[in-house]
Amino acid sequence: MSNLAVKISNLSHCYSNSTTRVLNNINLDVKKGEWISILGRNGSGKSTLVKLLAGLLKNKSDGSIQVFDTEVTEQNIESVRSHLGMVFQNPENQFVGSTVSDDVAFGLENQAIPRDKMIVKVKEVLQAVGMEDFYDSQPINLSGGQKQRVALASVLALEPDIIILDEATSMLDPLARQELITLVRKIQINYKLTVIAITHDINETLFSDNIFVINNGTLVDEGTPKTIYTHDNALASYGLETPLSRQLQQLLQRKNILPFNKHYLNEEELVEQLCQLKLNS
């Protein structure tokens, strides 16, 4: 077996009754245990890509998708989906239970997991996402960030190998977004998962091993965050902003407070450098 969780080869896709390609010859590899972000503005094709990966759309064009060396086809889609867990933009679309615990248990019930094991698993995953105190709460009464934590717990209960975040933070406020991304990072490490994050917000890509930028259905750039963050002009041409840390760095460089020959990945690195400059002054 290869070290790849996902391999996408020469993938193109057209929607029904259309000859216009929404994806054009995409090639993309995801290694086991990686966090990769697929970055692009709304309508760029990134959500179409993961829906094809999860078998939610039929691939009526060219190319192939493999998940753990198994090609995604109509015949084996259920087997492929057993490796995947998806958290969508609106968590309410995923709720089916009257309480938080019922909702998390729903997928386990469909798998005919014995009740005693189910109870243990539900408590485990709710604790993992920091929602153990909401066991008997109604999902409708939760905040947006709490709802996404429950949706994440429901996915985690099914023990996937890959978690897909499909614009999972787009309905949250900035603080809740950062908290959810940090939580997913913790879960990725603790459960040894692969993460595929779909986003239009480059500030959510900090934990990525690699970023793939899609524009108008075409893969136009790829690399580590430290590389992608420096492609200011290219990102702007794709309708994307550079991270806040990059914008702040550029402002400080224009004021000759920071050297132009260095790049700081995040706010923490910037603060550390500024403190060092103050100590040396």
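This is a conversation about how some features of a predicted model get their names.

Trainee: What makes strand E9 and strand E10 a pair?

Mentor: Two strands pair if there are at least two bridges between them. Five bridges join E9 (residues 210–215) to E10 (residues 218–223), so the pair meets that rule. The two strands run antiparallel. One of the bridges links Phe 212 to Glu 222 in E10.

Trainee: What lies between E9 and E10 in the hairpin?

Mentor: Two residues lie between the strands of this hairpin, and Asn 216 takes a positive phi near 50°.

Trainee: How do you know that E1 and E2 pair?

Mentor: The rule asks for at least two bridges. Seven bridges join strand E1 (residues 4–14) to E2, so E1 and E2 count as paired. They run antiparallel, and Val 6 has Val 30 in E2 as its bridge partner.

Trainee: Why are E2 and E5 called edge strands?

Mentor: Four strands form an open sheet in the order E2-E1-E4-E5, with antiparallel pairing. Strand E2 (21–31) and strand E5 (70–71) each pair on one side only, and that makes them the edges.

Trainee: Which residues is Val 104 in contact with, leaving aside its neighbours within four places in sequence?

Mentor: They are Val 122, Val 125, Leu 126, Val 150, Ala 153, Ser 154 and Ala 157. Contact means heavy atoms within 4.5 Å, so each of these comes within that distance of Val 104.

Trainee: Why is one space called a cavity and another a pocket?

Mentor: In a cavity a 1.4 Å probe fits but cannot get out, whereas a pocket is open. The count is two cavities of 30 Å³ or more. About 720 Å³ lies in the largest pocket.

Trainee: How do you know that the lining of the largest cavity is nonpolar?

Mentor: Val 6, Ile 8, Leu 28, Val 30, Ile 36, Ile 38, Leu 49, Val 50, Leu 53 and Ile 196 line that cavity. Val, Ile and Leu count as nonpolar, so the lining divides into ten nonpolar, no polar and no charged residues. Helix H1 (46–53) is one of the elements that give two or more residues, and H1 has the largest share, three residues.

Trainee: Which residues lie nearest the centre of the largest pocket?

Mentor: Leu 84, Gly 85, Met 86, Val 155 and Leu 158 do, out of 23 lining residues. By class, that lining has twelve nonpolar, eight polar and three charged residues. H3 supplies the largest share, five residues.

Technical notes
Residues are numbered from 1 along each chain as its sequence is written. This is a predicted model: local features need pLDDT of at least 70, side-chain atom pairs count only at pLDDT 80 or more; totals for chains, interfaces and linings use all residues. Side-chain values use heavy atoms; hydrogens and water are left out. On a 1 Å grid over the protein atoms alone, a cavity is a set of points where a 1.4 Å probe fits but cannot get out, and a pocket is an open set with protein on both sides within 12 Å along at least five of seven lines; lining residues have an atom within 4 Å of a point. Grid points are joined across faces, edges and corners, and a volume is the space filled by probe spheres set on the points.
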